[in-house]
Structure formats: structure tokens, C-alpha cells
Amino acid sequence: MTTTAANAKQAGRGDGGVAAGVAAPPAPSPKVRPVRSGQWAAWAFLAPVIVYLVAFYGWPLYRNIELSLHAYTVESFVNGGAPFVWFDNYVKVFQSATFGPAVGNTALFVLVSIAFQFAIGMALAVFFFQHFKLAATLRALFLVPWLLPLIVSASTWAWLMNSDSGLINSVLHGFGLTQVNWLTSPQWSLVSVLIANIWIGIPFNLVILYSGLQNISQDLYEAASLDGANAWQKFWRVTFPLLRPVSAITLLLGLIYTLKVFDIIWIMTKGGPVDSSTTLATWAYRLGFGSVLPDFSSAATVANLLIVLALVFGLVYLRLQRRERES
Amino acid sequence: MKSKSARIVGALVLTSALVGALAACSSSSAPSSNAAPKGTYTFWDPYPQFNQTAAWTKLVEKCGTQAGVTVQRTGYDTTALSNKALLAGQQKASPDILLIDNPVVSTLASAGVLTDTAQTKLSTTGIEANILGAGQLNGKTYGVPIGANTLALYYNKTILDKAGVDPTTVTSWASLTAALAKVKAAGDMGITFSGINTEEGSFQFLPWFWGSGANLTKLDSANGVSALSLLTGWVKDGYAPNSVIQDTQTTSWQEFLAGKTAFSENGTWQLAGVKASGIDYGIISIPGKNSGSAPAPTGGEFLTIPVQKNTARYQVSEKIVSCLIGTDNSVTTDNTLSYIAPTTAAQAKQVATNASLVPWVAAVKAAKGRTSDNLGTKYPIISANMWTALQSALSGSATPAAAMKTAQAADAEVIN
């Protein structure tokens, strides 16, 4: 959904180009011609963006909606002629036994991930802002989870959390605790993918919040010190309020990123056991590509629900950004 | 001014790239529809491990040359190939010959992507009926098997000796469970298998399910439940590791290779690996509930000829396929892939040079196609419900009986 924001921005830039194009020729004398040629130029400038948007966003989106409104089988997928069924696929998805758990897991996954990623990211950003020796090196090391390919980090977590031969369980065993079936028990599987996802998301929060901290004037801290504020008060009364705009963006971007997380869960648990770690994203994939017989219509339906959700958050983000700009 | 000209250049580059991409799309689909039966024939297979210099590639090219054409072979990952084949069918850009995993054949056939052997005059003479069954739907045959593999139980002799178990006495579920108990008492792990929530999990569960006498159209029968209870009991009693719930056939095999596990349910294709590992191993067939060996599912790929606009191409494709499954070529290929040949003649040749294949030939003869019994595209749905039942019973979130009942209810959409 970040793409929507980017598109909006790009479109905005396009408009700017048009305005410049219209204004640039110093209008020789007749009344109609310059406007028309200016308009042609404007459309010419816009064309690449429009073609790009239609080819890479409009068409796939249209296909997705079209798939979800027809009852496609593999036969009709190849040869055409799938019957139009209105919202039958949506009703089927809503009534599915997986729908409740998938929505619940998605909500839990997103909220808990964001809460921990943000809190830990903020704590680390403030910590590294102290500019102690090695701060830069350590901060760079914290970026590692972000740089690793997801297949590597997710597989590593899956190995660490293996019930019988995983490192975490062998440490627990060393302390005399009983084995936890991280990935294979319905109680723990969502927790396990959450832990991995939080770990992966911290660097993103750290980097953005750290750059936000750099924009806060040191004078304010000095003034606060003179007024006798302690470190805790400085954080809650200076840092936190001034980081509000950056925090809002971090949280919203995080929300959209987390909503569509698929690879970590798929690699670690495939949404299992049963549906205990299935989110809307993994469910959509499972319907479409998880078995030998693809169910494209249902998969597209779930994917559309996900798009609508992301769109809602995207709009909230745009709105917040506008309010921020106005104030 | 500078930024403006830069923008124009950018726009031009983007437009030309788009036009180029569109042109590329249209030109690439043209030859497959209009070309004469000579020229280049495309061949897709799920063997990305073989490069241009591999014996397999050479064989494919040789068969093409004998048919008077050039064959262009491309190897894809197994799951990627299923999706790609379906999409290619939709785009009317299917390859001339497609080598595809056997449970996918009925899906592609019902999608209308594949020709049947009556259309292409492809001969199926001599191919064992149980292996060919996976490629048959509504009385038509949609391809020929390149070879077959199946499941059996590998055992670690050292561990069994230590526990005092004689593998020849393992002939039923009860004697197997008794052997696992002895192994556990001696301090080792009993058995590994794959219980993951993918087709692999169903593939590994089927020998127990069929071995109980159950039928795929009735998952929650008493026999079906007894098979699920057997595996669930092993995990509960610590005879099998809890990680079987997420183990693939590869990861469960790695546990066996670590040398601490007595039995591993695994396939023909691991034979080369176990020889290299130095483990003192043996193979027994998977026991049925009360006696005898259980029918295991057949694995392996089918050579199929996808539908083309120019039907004249079929006769050349048929020649290439027939060449590839000819006895001598089939023996060479199946030895490379660690598969069992689909014809009795080729099987005899394989056994003559490699006696360790004897138990596998027997296992393949007793095996059964997953999509057989005319299940076709019903199988993938039943299979998904079955692996979900397997997961919920093994993880303890439902009793075996309740899990199978849920699965059967979910099957209702395909079974009357």
C-alpha cells in the first residue's frame, strides 16, 4: 500500500510538470493554440506514468477483483467461461472455518508485532543517541536482521525453535525446564512467528526513530536540564511529543508491512498446526498455491479483503500526513 | 531545463521498455502456434539439478535428434512447474512435452491442458497398471510414467541390535509399535516420518491409511481413524519426535542420518544417500494393520504432451516420448533418478545390475496412485483435509476421531 502513497506523490509530481509545461511557453498571440499544444504536451508527459499504473497496478487489481467475482475452476481458468457469481466467493470465505482464526491471528500478529517493534526500536534509538563509544558500530549490527534475506532468517528461527533438536529447547532443558513445542503446538506457533517477526522489524523502527531524534534541537534538552528535568522526564516531555509525527509514520508503515507478512510464517509453520498461525496473507497463498489443485477465486477473494484492509490504513496514513502538513 | 529533459528521456525509456516488453510477449508465443512440425521442440521437467552437460539432458537431446528436431530442455522446481504449466496452458504457450509430478496430471488433464494417448497415438503397452493409474481419468490416459518411486521403512541395524529387535518380525502395526517401545527403552528414537501440512504429509500418511483398509472417500471410517491413532500414539508416547509435525521428508531423513533413530519412513530416492552415510541400514516394506505390506502411494513423474494449436506436432512429440521410455533409456534414466522403471522388462534389467533394488521393485508393485480410483481432482481436496486432520491429531488439538470427522465433513463438497 506504500505504493499508493508513492503513486499519489508521483501523480502530484506529474501535475506539477503539467503546470510548468502550460506556463512555460510565453503565449505568442492567438488564444486557442498554445493551450491545446500545452495540453498535448501535458498528456504526453503523463502517458508513461498512466501506462505504468494501468499495466502494473490497474490491470492486476482488476484481474484480482474479476477472479473473486467468478467461480473459477482450473478448467475455466485455462479455457475461460467461468460463471459470474456476484459475491458468492466472499460469502464462502466468510463462512469458512478458517475465516475466524485467520482474522483473529492477523489482528493479534499485527498489533503485538507493532507494539513490540516500536517499543524496542524506540528504546534502542534513544539508547544509541547517547553517542557513546562504539554506538555507531553497534547500531550497524542491529541492522543485520533487516539485511538478511527473509528465507535465511526465517529458516534460522525455524531451526532454533525445532521441538527436539532446536537450540532454544536445549537451553531450556539446561535450566531444567520442559521442552516447548514452539512451532508444532497450536498454543505456541503464533507466538513463535511473532518473536521472529518482531526481531526482523526492530531495525526498521530503530532507523526511522533514530533519524527523527536527530531532528530534535539539543537546545530543548539543555533548557529542560536547566529546569531540573531528569532523564525520564526529558524523554516523556521532550523526546516523545516531538517524535510524534515520525512515530505516526513509523507505526502506520509498520502496520501495512506487517499486514502483508507472508514469507516468515510460511517458511516457519506454513500457517499450522491446523490454522493456529494462519493469517489472511498465508491463507490467500494456501488457497491459491498450497495444494495441487489451485482455488484462484477464493485466493483472490481473501487477497482482496487484505487489499481493502491495507487501503484503509493507507488512507489513514495519507490523511494524517495532510493534517501534519497543514498544522 | 535539465530536469525537464531528463524527464523526457525517462519517459522515452519507460515507454520503449514497455513497448519492447509487449513486443517480446507477442513474438515469443508466435512460433509454437504456427511453426511446421520441424524446428525446435520445448521440453519442461522438474529436474533443475541437471545442467546442460548432464546425461539426462544429453538423452533428451538425442531423442530429439532421432526424431529429426532440436529439443530445448528447461528444468524447473517441482512446485513452480505445476503453476507454470497451468499458466502456460492459459496463455496457450504450453511446451511440446511436459514432464510433471503424477498427482498434477489429473488437475492439468481436467483443465484441458493435456492431450490423451488416443489423440497422440502414444503407446502404453507393458506399463504396470498401478503406476499408469495415476495418469488416468474417466477412462483416458494422459501420459506415461518415466519411472516410479514409493515409500518403505529404512532401519538402522546397529540401533535395532542394541534394542534386541529383529526387523523380520515387524510385520504388523502391533509388532512395529512393540519394536519402537523396545528402541525407546534402549535410549534411542523410534521412528521419523513427515507429518507436515503439505502434500508430503499426505503422501507419508497414505501407507498407514491404506494399510488399515480405509478408503479415501471415507476418511472417518473406523480403519481410517485407527491409522491416525497409530501415528498420534507414537508421538504421544515419545516413539516419534514431536518435530514430525513440521518435518518434510528431507528433514525427517536428516534425523535418521544423524544415527539416533531406528526407523525412517522414506523413499527410493534416498538410497544413494544412505549408502554414502555409512549407516548399517536395511529396508522393510511398510506393514499393513494386521499383516502383509501396506500399499504405499506411487511417486514420480509422467511424460505428457500438452495441447498445441498445431496438432501435427504431436507425432514428433510422441516419437521423443517413446524414445525416452524405451527399455534401455528408461533403465539409464531411472538408475540416475533412483526410480523404479514402469515396465517389467526394464525392472528386470535394473535388478540384474543392482540387487539392492529388489525390495523397492516389490514395493512399487504393491503401490497405488494417489489420484487412482478415478478420484482425479477430488484427490487434492481430500488430501488437504487429510493433512489438516493429521496436523490437528499429532499436535493434540483434536482427537484422531474428531480430526477425521472434521476432515470428512470438509470433503463433503467433492464427495457425495
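**Entry 1: the two domains of chain B.** I took the centres of domain 1 of chain B and domain 2 of chain B over C-alpha atoms, and they are separated by 29 Å. The assignment for chain B gives domain 1 as 37–145 + 299–366 and domain 2 as 151–297 + 372–411; such bounds come from an automatic or database domain assignment. This is a predicted model, in which local features need pLDDT of at least 70, side-chain atom pairs count only at pLDDT 80 or more, and totals for chains, interfaces and linings use all residues. For my bookkeeping, residues are numbered from 1 along each chain as its sequence is written, while chains are lettered from A and ligands numbered from 1 in the order in which they are written.

**Entry 2: where the domains touch.** I found 18 residues of domain 1 of chain B in contact with 20 residues of domain 2 of chain B (contact: C-beta atoms, placed from the backbone, within 7 Å). On the domain 1 side of chain B, helix H4 (102–110) and helix H16 (358–366) each supply at least two of the touching residues. H16(B) gives the largest share of that side, 5 residues. I sorted the residues of this side into 10 nonpolar, 8 polar and no charged. Here Ala, Val, Leu, Ile, Met, Phe, Trp, Tyr, Cys and Pro count as nonpolar, Asp, Glu, Lys and Arg as charged, and the others, Gly among them, as polar. Helices (H or I, at least four residues) and strands (E, at least two) are DSSP runs, numbered from the N terminus.

**Entry 3: strand S11(B).** Which way do the side chains of S11 (residues 301–304) of chain B point? Glu301(B) and Leu303(B) go one way, Phe302(B) and Thr304(B) the other, and all are buried. A residue is buried with 20 or more other C-beta atoms within 10 Å of its own, exposed with 12 or fewer, and partly exposed in between, with C-beta atoms placed from the backbone. S11(B) pairs in the antiparallel sense with strand S3 (residues 97–101) of chain B over 4 bridges, and Ile100(B) stands opposite Phe302(B). Strand S6 (residues 144–145) of chain B also pairs with S11(B) in the antiparallel sense, over 2 bridges; there Val144(B) has Leu303(B) as its bridge partner. Two strands pair if DSSP finds at least two bridges between them.

**Entry 4: the four-stranded sheet.** I traced an open sheet of 4 strands in chain B, in the order S8-S9-S7-S10, with mixed pairing. Strands S8 (189–192) and S10 (281–284) of chain B are at the edges with a single partner strand each, so one side of each has no neighbour in the sheet. Within chain B, S7 (residues 151–156) and S9 (residues 261–267) pair in the antiparallel sense over 5 bridges. Ala152(B) stands opposite Asn266(B) there.

**Entry 5: Tyr281(B).** This residue is found in strand S10 of chain B. Why is Tyr281(B) partly exposed? Because 19 other C-beta atoms lie within 10 Å. Not counting residues up to four places away in sequence, Tyr281(B) touches Tyr154(B), Tyr155(B), Asn156(B), Lys157(B) and Val274(B).

**Entry 6: two positive phi values.** Lys270(A) has a positive phi of about 55 degrees although it is not a glycine. I placed Lys270(A) in the loop between helices H14 (263–268) and H15 (280–289) of chain A, and it counts as buried because it has 22 C-beta neighbours inside 10 Å. Ser338(B), not a glycine either, has a positive phi of about 65 degrees.

Notes
Two residues are in contact if their C-beta atoms, placed from the backbone, lie within 7 Å.
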